[in-house]
Amino acid sequence: MSDDFAALFAESEMQSKKTLRVGESVSGTVIMVDGEHAFVDYGGKGEAMLSLDDWRADDEEAPELQSGDAIEAVVISVKGGTPLLSRSLKKSLQNRQLIEDAFHSGLPVEGRVSGKNKGGFEVDVSGLRGFCPISQIADTFVEDTEPFMEQSYLFLITEYANKGRQLVLSRRKLLEREKAERAAELREQLAEGLELEGRVTNIRPFGAFVDIGGLEGLVHISEL
């Protein structure tokens with residue numbers, strides 16, 4: 001790695017970054033290329049690395065990357081604070097290991113709902129076939145499954161066995177985790193007199209329950 005490239009990389013580490021997850025697809029712009037890597041700006045003041053050998057691995061005729069090129073890639077590692085990208089994830093031992101790492105670390109992975117079967121959905125996760133029970137595709141009751149077909153979401157892996165041949169996913173657990181995180185942040189901001197927007201979730205004779213972003217409050221009937 002050249003000295004100039006290393007200096008730029010060190011400076012970029014001090015900037016705020018958009019959080020990336022293993023298995024997530026990202027779009028970015030090449031801002032620098034050295035002898036071995038491309039330096040990719042993926043937005044949110046964040047940069048990632050892409051091996052040029054990886055870029056050419058699937059296609060020897062792939063165009064040489066240059067500054068300003070727009071690319072799409074997949075996150076294969078976020079260890080060490082430096083996201084590493086790959087042109088694609090294939091059914092290989094390495095990629096199975098990446099997905100297994102995501103399972104053990106609790107990192108979400110991106111998957112595309114590709115089909116339906118008894119009790120749930122088939123989900124493609126970087127070439128591996130996973131299963132998401134219908135009760136785990138959303139944080140509310142799902143009656144119509146069609147809106148979820150061919151859609152891409154982030155999932156938590158709840159079960160990984162037989163080298164990825166047994167892959168069980170949950171979007172619900174991820175949504176609930178994110179909701180709990182938002183609720184914790186909201187609790188720190190709550191103060192008397194604070195005006196908030198909310199969504200009515202239930203109406204009872206004594207008042208209405210309102211979701212204000214991860215927390216549920218009661219508006220007494222006398223205030224309606």
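Visitor: Is Y153 buried or exposed?
Guide: This is a predicted model. In it, Y153 counts as buried because its relative accessibility is 17%, and the cut-off for buried is under 20%.

Visitor: Which residue forms an aromatic pair with Y153?
Guide: Its partner is F148. The two rings lie 6.2 Å apart, centre to centre, with 55 degrees between the planes, and the pair is classed as tilted. F148 also counts as buried, because its relative accessibility is 12%.

Visitor: How many aromatic pairs are there in the structure?
Guide: There are 4. F148 and Y153 also belong to one aromatic cluster, together with F121 and F155.

Visitor: What is V113 in contact with, beyond its neighbours within four places in sequence?
Guide: V113 is in contact with F121, F148, Y153 and F155, among others. Its list also includes V123, I137, M149 and E150.

Visitor: Which residues touch the most other members of the largest nonpolar core?
Guide: They are V113, V123, I137, F155, I157, L167 and L169, in a core of 20 residues. At least two residues of this core come from each of α3 (93–105), β6 (109–117), β7 (120–125), β8 (128–133), β9 (152–161) and β10 (166–170). The largest share, 4 residues, is supplied by β9. Apart from this core lies another, of 15 residues, including A38, V40, W55 and L65.

Visitor: Changing topic to helix α4: how many residues does it have?
Guide: Helix α4 covers residues 172–189 and has 18 residues. From its first C-alpha to its last it reaches 26 Å, close to the 26 Å expected at 1.5 Å a residue.

Visitor: Which residues of α4 are buried, then?
Guide: L174, A183 and L186 are buried in α4. The buried residues of this helix pack against β9 and β10.

Visitor: Is S126 buried or exposed?
Guide: S126 counts as buried, because its relative accessibility is 15%.

Visitor: How do β7 and β8 pair?
Guide: They pair in the antiparallel sense over 6 bridges. Among the bridge partners are G120 and, in β8, P133.

Visitor: What is phi of E150?
Guide: Phi of E150 is near 65 degrees, a positive value in a residue other than glycine. E150 sits in the loop between β8 and β9, and with a relative accessible area of 47% it is partly exposed.

Visitor: Now the barrel. In what order do its strands run?
Guide: The order is β1-β2-β3-β5-β4, a closed barrel of 5 strands with mixed pairing. From one strand to the next, the twist averages 55 degrees.

Visitor: Which strands in there run parallel?
Guide: Strand β3 (residues 46–51) and strand β5 (residues 84–86) run parallel and are joined by 2 bridges. L50 stands opposite L85 in β5.

Visitor: And what about β4: how many of its residues are buried?
Guide: Of the 8 residues of strand β4 (residues 70–77), 6 are buried, so the strand is largely enclosed by the rest of the structure. Strand β1 (residues 25–33) pairs with β4 in the antiparallel sense over 5 bridges, while β4 and β5 run antiparallel and are joined by 3 bridges.

Visitor: Which residues stand opposite V74?
Guide: S25 stands opposite V74 in β4, and V74 stands opposite S86 in β5.

Visitor: One last topic, the whole chain. How many helices and strands are there?
Guide: The chain has 4 helices and 13 strands. Buried residues make up 36% of its 224 residues. Of the contacts with a separation of 6 or more, 52% are between residues 24 or more positions apart.

Definitions and conventions
Residues numbered from 1 in each chain as written. Predicted model: local features only at pLDDT ≥ 70, side-chain atom pairs only at ≥ 80, totals over all residues. Heavy atoms only, no water. Pairing = 2+ DSSP bridges. Axes fitted to C-alpha atoms, helices over the stretch in contact; angles between N-to-C directions. Core = buried A, V, L, I, M, F, W, Y, C linked by side-chain atoms within 4.5 Å. Buried < 20%, exposed > 50% of the residue type's maximum accessible area, 1.4 Å probe, protein only. Contact = heavy atoms within 4.5 Å. Expected span 1.5 Å × (residues − 1). Phe/Tyr/Trp six-rings, centres within 6.5 Å; stacked < 30°, edge-to-face > 60°.
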